[in-house]
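Student: I am new to this structure and would like to get to know it step by step. Could you show it to me?

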Amino acid sequence: MHRFLVKLSSSSSSSNPLRSLKNQTLILPLLPSSKPFTSSSVSPPPRPSNASNRFGYPYSAELFQKLSPLSSNSRTLGVNGSISRCISSEAGRESIEYDVLIVGAGPAGLSAAIRLKQLSQEKNIDLSVCVVEKGAEVGGHIISGNVFEPVALDELLPHWRQEHAPIEIPASSDKFWFLTKDRAISLPSPFDNKGNYVISLSQLVRWLGGKAEELGTEIYPGFSASEVLYDASDKVVGIATKDMGISKDGSKKENFQPGVDIKGRVTLFAEGCRGSLSERIIKKYKLREEVNAQHQTYALGIKEVWEIDESKHNPGEVIHTLGWPLDPKTYGGSFLYHMNDRQVALGLVVALNYHNPFLNPYEEFQKLKHHPAIKRILEGGTVLQYGARTLNEGGFQSIPYPVFPGGAIIGCSAGFLNVPKIKGTHTAMKSGMLAAEAAFGVIHEGLHMNTYWDNLRDSWVWKELYAARNYRPAFEYGLLPGLAVSAMEHYVLKGKVPFTLKHGKADHEATDLARKCTPIVYPKPDGVLSFDVPTSLYRSNTNHDHDQPSHLRLRDPKIPEKVNFPEYAAPESRYCPARVYEYIEDEEGKPKLQINAQNCLHCKACDIKDPKQNIEWTVPEGGGGPAYSLM
């Protein structure tokens, strides 16, 4: 095994042991750099040039720097003599304990961490807080529109304007277009973005990560939470990170490193939309049934950031569209936001309850860019980055009970997106703050975690989502009925109608059999405005170690060839925006599903849309996936 020496300090009094141990000498495993893992049809994406995360520590060795010098047990005492963290070693796996463990370094998770540390400072109480993040760096997996509403940030960090937050471009105009194939018809804009900002959410999350770290939060990027840990009473006590150095065939490579058990007195899951562990928690504790919540509905968002000609750039201009290229039965729309530095964010959102299995969201996005109203903005420009991610659209009626024994679910893992606003960052942040306050009460005031649920229902988040609850299900009846109901709700009833509409079928159940549908022929990309998947994938900086077990698991390996291909015309080869799923011929000339897990953007569309729910998305080795910087 290759090894290297790291100099660490002997002091353990600092709130960040990665700093406090920096003068000790220890031997650490040197994990290999990830190789691009691509199919023959995909060009290798460039590896991000940064060798360390934004906090200055090597990704792969970061947590082990903390664990390796501690052969058996180590305890750090808080200012009141209480144990704020404990590290132990059992059966080859290290175990580390915190007061609060947060899974996911997105807006919700980092807001929770910041609020916890603020409360600990206000009360002069030592509180250990750990955030684990599967991305190679904080913000690397974050993608969103994003027209940012700063209400939650104003509450969390009131002086953000003076502290150089990457929030600089105020929304200057709102345009709402109904697109036909050749025209853009202006409609009255239902959006009120006065006081909001056009931002890159991945950049804002990096900034929030810095603020959390300054307050003493321990953030570990590059570690995938792969398993929920329970005690004898079935209470959640933490997570296990994924073993690293396992080859495709399941054998241990020479650089094998066992995962770590990270435990918390309270565990908060902030994994984002369709979080893999969050979904397990919801099912295990029947959290939807607890409050009679409906099933969650989803959409797939596909996005590019372009650099355009300065003469076409209008910083702060916000454009939303409905209509073409989607058919009247498919809910969705596009956005075009003018950012700073001559950049525009262009995206298409397609609801995943679409019926025609021949529909390809990626190709619909390529068509969108050729619309005359969009084309004139992009012409002469350059694509800087590409990405995709699913988003929750269930809204108010799909929110599960977010509290379980040992913790809570926050942010988009619980589904707090405001669909008609097309905004979820502010609500995710507020949910994290409320959960943090409840967790602090559990640890230091003997309260119960269900105060999070009570305070959530008393907050502006609940009122906002309740008022918006009927917009999305109204479109179950088609585009024009949906517009009519939404207009009535927005302009007349203002969310006060005395009933709540229900969602239709679950997204995977909405897919029709191929024989009932008309195939869709998409134009070939021109390489100027529209591009093939390998070219776009290259721009996402997606990268996984090629020699590891696939994180995309088939519950029944026979279903793709026996059901999906003959009955649904292989929809997984279309709804995936990264060409992860391809059908190839086997030795007998029969179709066989090939899974190119190396291409995965972590969008979760497959976990949602597969007609038989046969695909299970699990986490790959930590540090794999896209590396977004502008999204």
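Tutor: One term first: two residues are in contact when heavy atoms of theirs lie within 4.5 Å. With that in hand, take S431, which sits in helix α10. Leaving out residues up to four places away in sequence, S431 touches A108, I410, G411, F416 and Y452.

Student: Is S431 buried or exposed?

Tutor: The cut-off for buried is a relative accessible area under 20%. S431 has a relative accessibility of 0%, so this residue counts as buried.

Student: How confident is the predictor in the protein chain, as a mean pLDDT?

Tutor: Keep in mind that this is a predicted model. In the protein chain, 85% of residues reach a pLDDT of 70 or more. Over residues 1-61, though, the pLDDT is below 50, and it also stays under 50 over residues 67-84. For the protein chain, the mean pLDDT is 87.

Student: How far does helix α3 reach from its first C-alpha to its last?

Tutor: Helix α3 covers residues 107-122, which gives it 16 residues. At 1.5 Å a residue, the expected value is 22 Å, and the helix comes close to that. Its reach in the model is 22 Å.

Student: How many residues of α3 are buried?

Tutor: Helix α3 is largely enclosed by the rest of the structure.

Student: At what angle do the axes of α3 and α10 cross?

Tutor: Helix α10 spans residues 425-445, and its axis comes within 7 Å of the axis of α3. The contact includes A108, S111 and R115 of α3, and among the residues of α10 are A428, S431 and G432. The crossing is right-handed. As for the angle, the axes cross at roughly 40 degrees.

Student: Which word describes how α3 lies to α10 at that angle?

Tutor: Angles under 35 degrees would count as roughly parallel, and 65 to 115 as roughly perpendicular. The crossing angle is roughly 40 degrees. That makes α3, relative to α10, oblique.

Student: How far apart in space are W460 and K430, C-alpha to C-alpha?

Tutor: W460 lies in helix α12, residues 460-467, and is partly exposed, with a relative accessible area of 22%. Beyond its neighbours within four places in sequence, W460 is in contact with residues including V151, H426 and K430. W460 and K430 are 30 residues apart in sequence, and their C-alpha distance is 9.0 Å.

Notes: Residues numbered from 1 in each chain as written. Predicted model: local features only at pLDDT ≥ 70, side-chain atom pairs only at ≥ 80, totals over all residues. Heavy atoms only, no water. Helix = DSSP H or I, 4+ residues; strand = E, 2+ residues; numbered from the N terminus. Expected span 1.5 Å × (residues − 1). Buried < 20%, exposed > 50% of the residue type's maximum accessible area, 1.4 Å probe, protein only. pLDDT = per-residue confidence, 0-100. Axes fitted to C-alpha atoms, helices over the stretch in contact; angles between N-to-C directions. Parallel < 35°, antiparallel > 145°, perpendicular 65-115°, else oblique. Left-handed = near helix turned anticlockwise from the far one by under 90°.
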